[in-house]
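Please consult the sequence and the model shown below.

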Amino acid sequence: MRLAAKIAIVTGAGSGFGEGIALRFASEEAAVAVVDLNAEAAARVAKAITDAGGKALAISADVASSTDTERMVEKTLAAFGRLDIVVNNAGISHVNGPMLSVDEATFDRIFAVNVKSIYLAAQACVPVFRRQGGGGVFLNTASTAGLRPRPGLAWYNGSKGAAITLTKSMAVELAPEKIRVNCLCPVAGETPLLPTFMGQDTPEKRAQFKASIPLGRLSTPLDIANAALYLCSDEAEFITGVAFEVDGGRCI
């Protein structure tokens, strides 16, 4: 198994891409801390893992809170004894629309969840990796929006551009300690955020999104989970600082 004996934290794991990553990691024998703001969603995914014979812990946390982030790490260490992989997947967006229509509170929350969370995870987890003797993996969920922005999502695009730059900055600084940092850049997928990205969920809007993807479909949680599995496994031990496009050719 590709993640046997590994301990992983996955945020935003109560639905969508995060749920797919948590389930995929567990299928490869990782013990998974299933973290989500929605406690019921986290518990549901963790139960699915344990019912299938895997190891999981449900944690309700706000990734934009330093207190919650520290508690998330402490609970993971208490339950599993160490930490190997941190997937910063939790993310939010504003509704597709004119940039000036987004209020300040929404802007602040987007950058808190999509960007500040990476900072907080680094503050809480890098010392753990160091105490364990070095090594470890961070994987940040960015987006094709950070590479090839769509109109109507200006501030979300900016937050994902920041996630990509942070990934590369962290990677080069932490490389001497064998701590790898990569990010995924998914194209829009079948997740709860899809209607937000589209502005309204209609067959016409879906067709418009699909038409921008050369392989002709939206992404799925399994697409993203398979890419996450590779980047977090020892097979990718020489890969760091990459913005890995999982986009059906969208960014070509």
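The model is predicted: local features need pLDDT of at least 70, side-chain atom pairs count only at pLDDT 80 or more, and totals for chains, interfaces and linings use all residues. Residues are numbered from 1 along each chain as its sequence is written, and side-chain values use heavy atoms, with hydrogens and water left out.

**Sheet.** Seven strands form an open sheet in the order S3-S2-S1-S4-S5-S6-S7, with parallel pairing. Strands are DSSP runs of E of at least two residues, and helices are runs of H or I of at least four, numbered from the N terminus; two strands pair if DSSP finds at least two bridges between them. Strand S3 (55-60) and strand S7 (243-246) are the edge strands, each pairing on one side only. From one strand to the next the twist averages 20°. S4 (residues 85-88) and S5 (residues 136-141) pair over four bridges, and Val 86 stands opposite Phe 138 in S5.

Angles run from 0 to 180 degrees between N-to-C directions, with axes fitted to C-alpha atoms, for helices over the stretch in contact; contact means heavy atoms within 4.5 Å.

| Helix | Lies across | Angle |
|---|---|---|
| H4 (residues 104-131) | S4, S5 and S6 (179-186) | about 170° to S5 |
| H5 (residues 154-174) | S5, S6 and S7 | about 160° to S6 |

**Helix pair.** H1 (residues 16-27) and H2 (residues 39-51) pack at about 20°, with their axes 10 Å apart. The two helices, H1 and H2, are therefore roughly parallel to each other (angles under 35 degrees). Their contact is made by Glu 19, Ala 22, Leu 23 and Ala 26 of H1 with Arg 44, Val 45, Ala 48 and Ile 49 of H2.

Key. Angles under 35 degrees count as roughly parallel, over 145 as roughly antiparallel, 65 to 115 as roughly perpendicular and the rest as oblique.
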